[in-house]
Amino acid sequence: MRTPIAYFLLLSAILFALGSASVLMRRNALRIFMGVELQLNSVNLTLVAFSRMHLELDGQILAFFSMVVAAAEVVVGLAIIVAVFRRTGTTDVDRADVLRG
Amino acid sequence: MPLDNVVFWVFAPLSIATAIGMMVVRNAVHAALFLVVNFFTIAVMYLLLDAPFLFAVQIVVYAGAIMVLFLFVIMLLGVDRGDPPGERLFGQRATAVILAVAIVAELATAIRAGVGFATRAPEGFEEANPGGNPAALADVLFRDYFFPFEVTSILLIVAAVAAMVLALRRSKSITQREIEEHAGDDLESYGMTPPGAPESMRERT
């Protein structure tokens, strides 16, 4: 493989930064959630790149588990967003302030 | 130029472009579609990194299942109009961009110090993958990581039940216990006729 490993890691760093910027910029809970998914994926890319670099499969296994946990997280997260939408009529996270002191 | 280099330099800019598109576009459905393309490009990166099993899983699980769920919820809630105008936290977008640039710079420094920009992955990944990548992964997964794998199944069941409980619309229904508690009550006090009552009683009520 001719492409240096660091390029994959840099790509993953850029994607992580874009994901976190997307989380910080948006107020719609679904958009924030998409940013979180992008962050999870960029970290998976790092895991697979390091797995290739060290010639071990454990990184790929960890990425696989991370995907499974992300699937469970998406299911519960979207259910929470739907429940909040039923209660408040919006997905704006600034409006979900019932617990504000 | 070797083929995998070409593939990388085609899909890496596409990946960054779709991520930026996901971030800036106003419509939530468009953002989700950008994210689908981004997940496909990440799947191609897995292929370049000799992980064909994760390539398939990425497409099936992320680009398929998870994004369909996202699009379904976006359209179910009808929130594809984008954010309402006007920032409530002043300067939040500028701060987010600055922090994103800072984290890229920091991670690039860390990568340069830890890995080096020119380091190529060693050859011989085929020896670590006897019988192909999926078979080798299965070996490791079911030998070394069997207990976490089983815990994952519990996690998935709990998540499915939790989603059902959270999304359940509470309906006003009576339980068997309430029926038994009120079994001896005088139904006439509720303005109802007991079942099997004579015709004369029905006419009275």
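What we have is a predicted model, where local features need pLDDT of at least 70 and side-chain atom pairs count only at pLDDT 80 or more, while totals for chains, interfaces and linings use all residues. Residues are numbered from 1 along each chain as its sequence is written, chains are lettered from A and ligands numbered from 1 in the order in which they are written, and side-chain values use heavy atoms, with hydrogens and water left out.

So, how many aromatic pairs does the structure hold over all chains? Ten. A pair here is two rings of Phe, Tyr or Trp (its six-membered ring) with centres within 6.5 Å; planes under 30 degrees apart are stacked, over 60 edge-to-face, and the rest tilted.

Take A:Phe64 and B:Phe53: a tilted pair, 5.8 Å centre to centre with 50° between the planes. Helices are DSSP runs of H or I, at least four residues, numbered from the N terminus. A:Phe64 is buried at 17% relative accessibility, and B:Phe53 is partly exposed at 29%. Buried is under 20% relative accessible area, exposed over 50%, partly exposed in between (1.4 Å probe, protein chains only).

Next up, A:Phe65 with B:Tyr145, also tilted, at 6.5 Å and 55°. A:Phe65 is in helix H3 of chain A and B:Tyr145 in the loop between helix H6 (133-143) and helix H7 (146-167) of chain B, so that pair joins two chains. A:Phe65 is buried at 13%; B:Tyr145, at 22%, is partly exposed.

Last stop: A:Tyr7, A:Phe8, B:Phe8 and B:Trp9 make up one aromatic cluster.
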